[in-house]
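Let's take a friendly walk through a protein fold, one piece at a time. Have a look at the model below, and then read on.

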Amino acid sequence: MSTPHPLSVWARNVSPSPTLAIDAKAKAMLAAGEDVCSFAAGEPDFDTPQFIKDAAIAALQSGKTKYAPTPGIEPLRVAVVERYAAEYGYKLTPAQVVVSPGGKFSCYLGILAVCNPGDEVIIPAPYWVSYPEMVKLAGAVPKFVLCDDRAGFKLTPAQLEAAITPKTKLLVLCSPSNPSGAVYTRAELAAIAELCVRHNLYVLSDEMYEHLIYDGNQPVNFAMLGAEVEQRTITVAGFSKTYSMTGWRLGTLVAPAPIAKACAELQSQMSSNATTFAQYGALAALKEKAKAVAALAEMKTAFDRRRKFLHAELNKIPGVSCLLAGGAFYLFPNISSFGLKDVEFCAKLLEQEKVAAVPGSAFGAEGYLRLSYATSDEIIAKGVARLAHFCAGLKK
Ligand SMILES: *Cc1c(COP(=O)(O)O)cnc(C)c1O
């Protein structure tokens, strides 16, 4: 009798998402009746707006229950083209749009479309947890560049230049950032774009949080920084964060036509299409502008209020320092002064105070916490008070 072979390198080398794991643990404790304050959520705490649900229900009722074209239903791809033109003056054709089962999958397709085994991919840290795993699944090699709070968690042109080797194929950018909430300025992105063109790098620009930018700042579309930039840029966005549609699993990728075509072909073998009737909900989100704007404004107002409150409270805690992030729904306070590894800090915080937070090391940046404020004002107030109590205990 022989024992079955060990699992593949893909199976053995992949790290499960630590953010999903901590969020799941906090939810399980809550379900067991424990009084947990969770800052671990990676999704808006609002329901999907009713008009979007209604459109999907109507689609389901009218029999939109079959396979759709691989890159997405035609009206949705056209609506994506229209919204990029309206928001950024970015002129696309539907052939450059691929709708996928989640922006996460869009990112993976983009990486698979341009990376060969052995290629290097530059990933600024702190990074979204899935990028390194996706790069490894493509056989490519993640190269991390630490961008700490002194640099506002942003990659500098000098850092990028130093990280580039003849093997570098792709840079992954995320602005506004998950996990830090950092937002690059147009000038900062332009300097990075210039280097990407000079060194002939592709860029995966993850613009999932483009609509969650505060203080009156406007999002920058990386591809629009120049014709040569556009040729090299794969833009990922979606519906999950903007319209609170995480469970719908819908993302969009736009890229030069040959890249988009490759992504659609990969998708045709890996998943076929994004859920057909869900795409009709997304179509309503793009088409019914007045309703969409109102729904987004309501979420944004709540997020901004919580952002400012949490930021102020964190900086009152001796030993904690926190930048006021300009986007997304995360803050990324520095807790390194306590002399405790962040994983241990989070474990004790959950155990002693029933506060769930994700350690910075999960995102490649030891000594920080990622706190999501996509939760109620009450939970935020209670949770940050508990965090202050916990930190006071550590200081003694
Ligand atoms: C949430 C998120 C995504 C993808 O979201 P989907 O739910 O898969 O559409 C992609 N990138 C970042 C940085 C995110 O936070």
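## Salt bridges

A search of the whole structure finds 26 salt bridges, where a salt bridge is a side-chain nitrogen of Lys or Arg within 4 Å of a carboxyl oxygen of Asp or Glu. Side chains of opposite charge can pair when their charged atoms come close. Glu210 sits in the loop between strand 6 (202-206) and helix 9 (227-230), while Arg83 belongs to helix 4 (residues 74-88), so the pair ties together parts that are 127 residues apart in sequence. Helices (H or I, at least four residues) and strands (E, at least two) are DSSP runs, numbered from the N terminus.

## About the model

This is a predicted model, in which local features need pLDDT of at least 70 and side-chain atom pairs count only at pLDDT 80 or more, while totals for chains, interfaces and linings use all residues. Residues are numbered from 1 along each chain as its sequence is written, and side-chain values use heavy atoms, with hydrogens and water left out.

An open sheet is formed by 7 strands in the order 2-8-7-6-5-3-4, with mixed pairing; two strands pair if DSSP finds at least two bridges between them. Strand 2 (97-100) and strand 4 (141-146) stand at the edges with a single partner strand each, so one side of each has no neighbour in the sheet. On average, neighbouring strands of this sheet are turned by 20° against each other, direction ignored. Strand 3 (residues 120-125) pairs with strand 4 in the parallel sense over 6 bridges, and Val121 stands opposite Pro142 in strand 4.

Another open sheet has 3 strands in the order 9-12-11, and its pairing is antiparallel. Its edge strands, strand 9 (330-331) and strand 11 (358-359), each pair on one side only. Strand 9 is joined to strand 12 (residues 369-372) by 2 bridges, and the bridge partner of Leu331 in strand 12 is Leu371.

## Helices that pack together

How do helix 4 and helix 11 (residues 276-287) pack, and at what angle? Their angle is about 30°, with their axes 9 Å apart; axes are lines fitted to C-alpha atoms, for helices over the stretch in contact, and angles run from 0 to 180 degrees between N-to-C directions. Helix 4 and helix 11 are therefore roughly parallel to each other (angles under 35 degrees count as roughly parallel, over 145 as roughly antiparallel, 65 to 115 as roughly perpendicular and the rest as oblique). Pro75, Leu76, Ala79, Val80, Glu82 and Arg83 in helix 4 meet Gln279, Ala282, Leu283, Leu286 and Lys287 in helix 11, contact meaning heavy atoms within 4.5 Å.

Helix 5 (residues 103-114) and helix 6 (residues 130-137) pack at about 40°, with their axes 9 Å apart, and they are therefore oblique to each other. Among the residues in this contact are Tyr108 of helix 5 and Met134 of helix 6. Helix 13 (residues 342-353) and helix 14 (residues 377-395) pack at about 115°, with their axes 10 Å apart, which makes helix 13 roughly perpendicular to helix 14. Their contact includes Phe345 and Leu349 of helix 13 and Phe390 and Leu394 of helix 14.
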